[in-house]
Amino acid sequence: MITPYVGDRRTRQIYGPPCAYDGAMTSAVDPPIEVAELLVRDAELLVVDSGWEIPGGWLAVTDGRVTGVGPAGSEPEARTTVRASGRLVTPGLINTHHHIYQNLTRSYAPAVNGSLFDWLTTLYPIWARLDEEGAYVSAYVGMAELLMGGCTTSSDHLYVHPRPHLVDAEIRAARDIGFRFHATRGSMTRSVEDGGLPPRSVTQTEDEVLADSERLIGAYHDPGPGALVRVALAPCSPFSVTRSLMTATAELAERHDVRLHTHLAEDHDEDTYCLETYGCRPVEYFEETGWMSDRSWVAHCIYPNDAELRRLAAAGVGVAHCPSSNMLIGGGTARVREMRELGLPVGIGCDGSASTDHASLWMETRAALLLGRYRGGPGAMTARDALDIATRGSARCLGRDDELGHLRPGACADLVVWDLHEVALAGALSDPVEAWLRCGPARAWTTVVGGRILVDRGEPRLPGLVEALRVHGAVARAMQGRST
Ligand code: ZN
């Protein structure tokens, strides 16, 4: 639990527990900054990291990195200044689970009220129409949506490959925007004919999957600090890939030192499927195929039993908590509090646009707050806990908590300025972080990725967005078989 803010905005005092950072909490870092490229100043509250907040604070950026933070009165010179008076500044929110291409079939009426398996089998044939153009515009539009909801880094799990080079198209969109992107090369190899759920039209052979995975790592994975693009490997789920692909993928990830991602323990139907097909429960299957390691993070993880949860924690497996998706699918929800108490890294995920139907990480973070309190009572989750999940926790899931998920000097300059002047926040005077997540809805006022302003005064600075939306509409209509 993060200690609650008990500040009073009139006093401009600093509250909260001491933090691990050994620099001064109230002064600019040493050496002094000459002229910063970007300065965000006069924040109502600057959240530098979980447990480190500076009322009235400033933050300086040069070369894509945070170069200093401090209290009012010690600001450096800067070439560009964002005045954040009356606004909250937080680290950028990080999305650990998404299927961006699904925004082409958002809220698809024939599927919305079925079970997870009904929903999937209705949509698989439509997703089989996905092509490179569709992958590009869905990513471009999806990343614009993420930026407007305060997200600065997202992973994406693209697991249908009816045509080649779809992940390449997503990465091209991320680069065109300047978005920080972890592409995960999804896969499905177990079609209906092989006893799986998806039709043959969206599955591939094991050799095709492994060859393309290796190609994508070689072409795009940047293991270095500050990377804008990384690649991870992501067989879809126990009911859509073969055991041998799970094992071979884990070995490939080890060989190339990339991360592993999959869906795990999302649905009771999955328990039944695993017991009948593999003779064990999903978490046991995960373990047997070589995935039980801190290289892995998994989506949902709703149904592990107590012993399985302890094994996942001991191995350091991360969990992408997807509260809206879980509630919409209507099965169950993850035991986030217990997971965090056991030390599992828990991050936030919006999940696919066709199951969650939105991709605002602010909304997901708020949903995590509501769900945490609904499950565990008023002491179970604070706004700061939820923010910690969406920043620090998510960064741990992606293996990047050294430089993402916080704004300590040296971190990647990924941050969000949130307006507290909104009508919906009138009267919320005592705690900007609780106000930010309890009131709303909130949209990012400014979003900065790697020091670049990509949302400015609430509007995306993306020159290709109008055209991408036009093409997106045409592609979505074609995929859904609609003339209008
Ligand atoms: Zn998913």
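Helix H11 passes helix H12 in a right-handed crossing, that is, one in which the near helix is turned clockwise from the far one by less than a right angle. Helices here are DSSP runs of H or I with at least four residues, strands are runs of E with at least two, and both are numbered from the N terminus. The model is predicted, so local features need pLDDT of at least 70 and side-chain atom pairs pLDDT 80 or more, while totals for chains, interfaces and linings use all residues. Residues are numbered from 1 along each chain as its sequence is written.

H11 spans residues 361–376 and H12 spans residues 383–397. Axes are lines fitted to C-alpha atoms over the stretch in contact, and angles run from 0 to 180 degrees between N-to-C directions. H11 is therefore oblique to H12; angles under 35 degrees count as roughly parallel, over 145 as roughly antiparallel, 65 to 115 as roughly perpendicular and the rest as oblique.

Contact means C-beta atoms, placed from the backbone, within 7 Å. On H11, the residues that meet H12 are Leu-361, Thr-365, Ala-368, Leu-369 and Gly-372. Their partners on H12 are Ala-383, Asp-385, Ala-386, Leu-387, Ile-389 and Ala-390.

The chain is assigned domain 1 (35–92 + 405–460) and domain 2 (93–397). Such bounds come from an automatic or database domain assignment. The domain centres, taken over C-alpha atoms, are 29 Å apart. Domain 1 gives 27 residues to the contact, and domain 2 gives 30. On the domain 1 side, helix H13 (432–438) is among the elements giving two or more residues. H13 supplies the largest share, five residues.

Technical notes. Contact = placed C-beta atoms within 7 Å.
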